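Have a look at the sequence and the model, then read through the points below.

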Amino acid sequence: MEMFWGLFMSALLLGCTYTLVAIGFSMFFGVMDVVVFCCGDIAIFGSFAIMGAYAAMQSAGLFAVLPFWVCVALLIIIGAVFCAALGLMTHLLSIKPFHNSSELMPLLSTIAMGTVIKEILGLLFKPAVNAVSKMVGGPDAMTVVSGRNPQAFPALLMPNGSVLSRNITIILITAVMLLLLFLFLNRTKMGMSMQAISQNKELSRMTGINVSKIVVITFLIGGVMLAISGFLLGSYQKLMSFDDGAMYGAKGFSAAVVGGLRNTWGAVIGGMLLAFVEVFVSGYIPRGTAYSSIVAFVVVVVFIVFRPEGIIGEKSVEKV
Amino acid sequence: MTNNDMPTAEKCLTVAINVLIFGLVFLMLRLSYQISLALVAAVIAGLLRMERKGMIDALFSLFIRNRNVAACAAFICMLAIPLLLSTFRYQSHIAVMASIYAMVCLGVNFQMGSTNMVNFAPAAFMGIGAYSMAVVTMKLGMSAWLGMIAAMLMCAVAGLVIGLPTLRTKGYYLSLVTMALQLAFTQLIKNIPYLGGPNGISGVKALSVGGFSLYKTYTIFGVKLAPHFFYLIFCSLALAVLFYIALRISVSRCGLALNAIAQDEIAANCLGVDVSRCKLFSFLIGSIFCGIGGALYASLTSFVGPNDFTFTRSLVFICMVILGGMDNPVGVVVGAFLLTVITEKLRGFSDYAQLIYALLLVFILVAKPTGLIPKRVRNYCELFGRSLVPPTSEE
């Protein structure tokens, strides 16, 4: 039973990180009708930005001056700003130019954009060498560390080494983000316009909604969501690799599809379902860890084939 | 036939253009990387310019009118390249890689170009072919030719299995299915101990004809040939066969049906196109092409590992198809060749290879989304040498 609750906890944590990426996918798909495949890379970029800012802040001695939690909040804000900027850049460079062309084009251009982000991370990120060598033991364990090796993510959420407090913080942060998003979407005029655009772009334009402005704002908010998911993923996994983006993005997109694209709560359900499948397969099936991702993808394919509208999505009938 | 009243000058022109094209191919392979890359850039710029001036259209109709002469000339020129490169080991290697990649790209083109279904898993299909080859020759100790057949069979089965969900999905969902397949394939291969796990399988046999290995250093008339010599000839011939098949399919009724599905699936269905069968066909034939490429790759490098068949590699194939021009076998082969030359000549900067690919992909998508040699209007009158329909003014 103890094992069950342990697995339950890890599944919940993994589900939290998937959920936020899936929400990013859903939001972008809602307003632009395109799948932004570089979401995963943007999230990874966010966590690397936080890592870089952490190293910079440490060398500047900021942690001695400011209280720890202020520093962490500052780091999250820095990551969020980077990702929001990146989200905006993605929109301007790889989605807007292909507005009227076939759906193939934004698909490929966002994948290319993701590769650019990933490669820039791999080339430019020069890590603090002792961070990784400390993890594998001894300062001489890894003397040559390039940006292409996995990087140690600073343990920002467990200052006193307590795993439980970290876990609770991760779940709390996700819950707060979901609550904020819910309030934004349903209680503010901007959020309502966003929903209107998701339902019918032409009609919302006719009712006087500034569609292009709302789209830009969506990409900024989505970027913030992705930055936080990257931060949570880093805190959960402890090690980040620059090329995690493709896998992470595919998981996030899968979660969004399983739950139902365009639907925020669908993203939550999909993310949790995927995480639970993955974690319990690796926990209960012998040698299952290796196959957990594969089982998750099989679940996705089954969903796509038999219920493409997702768990709580609306069925769309194609009209000629 | 009407060939007799065609002026001989036109035939000479066809031959000359063929020699020119293959001469350029040879120079790109042979020269040092600065000059070769400059040549690649010049070719890309030239193709863009010719396309704008309508010269490529003229070239196509010239070749179609004199297709027998053109085919013979191209065949001879193609065989001249291995002879000219016979003592250059690395350059022959680039040529072999280019022809293998061109085969895979021709396979991808059936799905991506003709039917407008983006397949993100060509590297996985290539991997299935390569691993079948490795298992048959290395683990079971059988002949490499049997490995080739096994690769084709395995890929056909895999293509059908992957093709089945595509009947119910399209657009993004389809790309997600193929993407999931690609990511799962790499994970799966890494975790099967029989297939060597992350270490892969080494010692794959090379193809051999009657005891003579195609991949071995021979000395003929005192000239020490590069080990790739016979392999390059074989790959060129195989590419020529696959290219011919792709060309025939694209002008056939089946190719037309695939295009109709790409335009509008429902409309195609209403016009009597068997959508399910055509989609399955495009996956089947495409994955067989990828499998042949994979088997040849395995037998060239004599090693297969999971890192050769990753998602990134799939993106490279997609990039090749888009660069060359979707739904045009000629364009696809050109794209595969150009991108292979760029990659191999930039070996010294391999850290930047992915970045270059991605930037190039964005550049093509923005500048010329149809690629260097985009698809043509099928000119059946010229193709069959007779006037099937009276010329109309709408054309």
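1. Among contacts in chain B between residues at least 6 apart in sequence, what percentage join residues at least 24 apart? It comes to 79%, where two residues are in contact if their C-beta atoms, placed from the backbone, lie within 7 Å. For chain A, the share for that kind of contact is 74%.

2. Some ground rules before going on. This is a predicted model, where local features need pLDDT of at least 70, side-chain atom pairs count only at pLDDT 80 or more, and totals for chains, interfaces and linings use all residues. Residues are numbered from 1 along each chain as its sequence is written, while chains are lettered from A and ligands numbered from 1 in the order in which they are written.

3. How much of chain A can you trust? Its mean pLDDT (the predictor's confidence in each residue, from 0 to 100) is 82, and 88% of its residues reach 70 or more. Over residues 127-147 of chain A, pLDDT stays under 50, and the model has 27 contacts beyond four places in sequence for them. Where pLDDT is low, the predicted coordinates should not be read in detail.

4. Now the make-up of the chains. Chain A has 13 helices and two strands, and chain B has 16 helices and six strands. Both kinds of element are DSSP runs numbered from the N terminus: helices are H or I with at least four residues, strands are E with at least two. Of chain A's 320 residues, 45% are buried, and of chain B's 395 residues, 47% are. Buried here means 20 or more other C-beta atoms within 10 Å of the residue's own, exposed means 12 or fewer, and partly exposed is in between, with C-beta atoms placed from the backbone.

5. Two helices to look at. In chain A, α10 (residues 211-237) has 27 residues and reaches 38 Å from first C-alpha to last, close to the 39 Å expected at 1.5 Å a residue; the expected span is 1.5 Å times one less than the number of residues. Over in chain B, α8 (residues 172-190) is mostly covered, with 16 of its 19 residues buried.

6. What about the inside? The largest nonpolar core has 212 residues, and C105(B) and A180(B) have the most contacts inside it. Such a core is a set of buried Ala, Val, Leu, Ile, Met, Phe, Trp, Tyr and Cys residues joined through C-beta atoms within 7 Å. Helix α5 (residues 89-114) of chain B gives the largest share of this core, 15 residues. Leaving out residues up to four places away in sequence, C105(B) touches several residues, among them F317(B), M320(B) and V321(B).

7. Finally, where do the chains meet? In total, 33 residues of chain A are in contact with 33 residues of chain B. On the chain A side, α5 (104-124), α11 (245-259) and α13 (292-306) each give two or more residues, and α5(A) gives the largest share, 11 residues.
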